[in-house]
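This report covers salt bridges, helix packing and a surface patch in one protein model. Please read it alongside the sequence and structure shown here.

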Amino acid sequence: LMVESRIEQEMSGETLFCPVCGTSVERGMKHCPTCGAKLSFTICPGCHRPVVAEKFCPFCGTRLMPTSWKGIILMYLITVGSFFLLGVIAIVLLIALVVSFILISPIDPYTAIQMSNDFAFIYLALMNVSELIFLIPLIVYFKTPKKMLRAVGFVKQRILSSIPEEIVYALLGLFVSVILQSTLFYLGVIDVTPSVYSLNIYIMLALSLVVVAFSEEALFRGFFYQALSYRYNWIIAAVISSIIFATVHPIYPTFIIAFLLGIVMCIIYEKSGKNLMSSTLFHYTYNLTIFVFPTILYLLS
């Protein structure tokens with residue numbers, strides 16, 4: 001009965017206990033007053049209960065976000081490694097596409113011409129799919145894809161119960177992208193000439209951008225922002241995680257834009273109750289609008 005009572009107290013969030021000796025502890029304590037064990041206070045990303053544990057939630061078994069800089073920095077180094085590996089994949093894809101054009105040209109010149117017209121978008125779509133590489137360290141960390149999805153905030157019940165809100169965030173992403181692209185058009189940075197001529201390529205690009213939005217949101221908002229928010233308030237966590245997000249968009253001025261958008265998506269993620277679908281839809285519609293905006297301008301003009 002005492003054990004059941006203790007579990008009920010901890011599940012309610014009223015009382016927390018040392019995971020080593022079971023002594024009642026208070027938030028803010030760094031060490032257990034009875035056994036001296038180091039305490040890590042966090043919210044389980046799986047069941048959202050307050051817990052005191054080092055690695056795994058005692059209630060649902062979900063691996064907890066790192067509460068030390070060591071774990072956060074290690075994941076960042078893995079992310080940087082994945083980014084450089086993505087660069088290697090980019091070079092390999094580029095060589096493969098060039099070779100395929102050379103081989104196809106003598107056999108089917110028309111197909112080769114069509115492919116060459118849409119070369120940049122074919123290449124971009126393939127690179128977008130390659131961003132699945134950012135999910136690999138997350139799946140390894142949380143052991144299974146299912147636990148990873150739950151931990152980063154991609155929960156079926158939460159998604160289905162917040163569809164109207166998610167639609168609003170998707171429209172917000174479209175609005176922000178249109179405003180930015182309109183500004184760039186006014187400044188003469190972009191023109192109204194459509195860059196792609198094939199409906200199939202548009203479809204390929206739209207589908208591939210789903211991978212980009214989800215992979216980046218899972219890693220940068222679902223993991224880095226959440227982990228940092230357990231150490232600092234949400235503003236500091238948003239700034240640091242957005243800097244991390246910007247480092248994988250190192251080209252100027254994309255770096256600055258990525259940082260600012262990272263802040264916005266952290267706010268969306270936080271205000272939606274850590275529903276990853278909300279920030280993912282914003283991210284997706286923003287990215288998609290960037291690529292279709294020149295064609296929209298062309299058609300309107």
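## Salt bridges

The count comes to 2 salt bridges, a salt bridge being a side-chain nitrogen of Lys or Arg within 4 Å of a carboxyl oxygen of Asp or Glu. This is a predicted model, in which local features need pLDDT of at least 70 and side-chain atom pairs count only at pLDDT 80 or more, while totals for chains, interfaces and linings use all residues. Residues are numbered from 1 along each chain as its sequence is written, and side-chain values use heavy atoms, with hydrogens and water left out.

Arg221 and Glu217 are joined through their side chains by a salt bridge of 2.6 Å, N to O. About one helical turn separates Arg221 and Glu217, because they are 4 residues apart in helix 9 (residues 199-229). Helices here are DSSP runs (H or I, at least four residues), numbered from the N terminus.

## Helix 2 with helix 4

Helix 2 (residues 69-107) and helix 4 (residues 119-130) have axes that come within 10 Å and cross at roughly 140°. Axes are lines fitted to C-alpha atoms over the stretch in contact, with angles from 0 to 180 degrees between N-to-C directions.

On the helix 2 side, the contact (heavy atoms within 4.5 Å) includes Leu86, Ile89, Leu93 and Phe101; on the helix 4 side, it includes Phe119, Tyr123, Met127 and Ser130. By class, this contact has 13 nonpolar, 1 polar and no charged residues.

## Helix 2 with helix 5

The axes of helix 2 and helix 5 (residues 135-142) come within 9 Å and cross at roughly 145°. Met75, Ile78 and Ser82 of helix 2 meet Pro137, Leu138 and Tyr141 of helix 5. This contact has 5 nonpolar, 1 polar and no charged residues.

## Nonpolar surface patch

Trp234, Ile235, Val239, Ile243 and Ile267 form a nonpolar patch on the surface, together having about 400 Å² of accessible area (Shrake-Rupley method, 1.4 Å probe). Patch residues have over 30% relative accessible area and no salt bridge, with nonpolar side chains joined within 5 Å. Helix 10 (residues 234-246) supplies the largest share, 4 residues, whereas Ile267 lies in helix 11 (residues 254-271).

Key. Helices (H or I, at least four residues) and strands (E, at least two) are DSSP runs, numbered from the N terminus. Ala, Val, Leu, Ile, Met, Phe, Trp, Tyr, Cys and Pro count as nonpolar, Asp, Glu, Lys and Arg as charged, and the others, Gly among them, as polar. Patches are made of residues with over 30% relative accessible area and no salt bridge: like charges are joined within 9 Å, nonpolar side chains (Val, Leu, Ile, Met, Phe, Trp, Tyr) within 5 Å.
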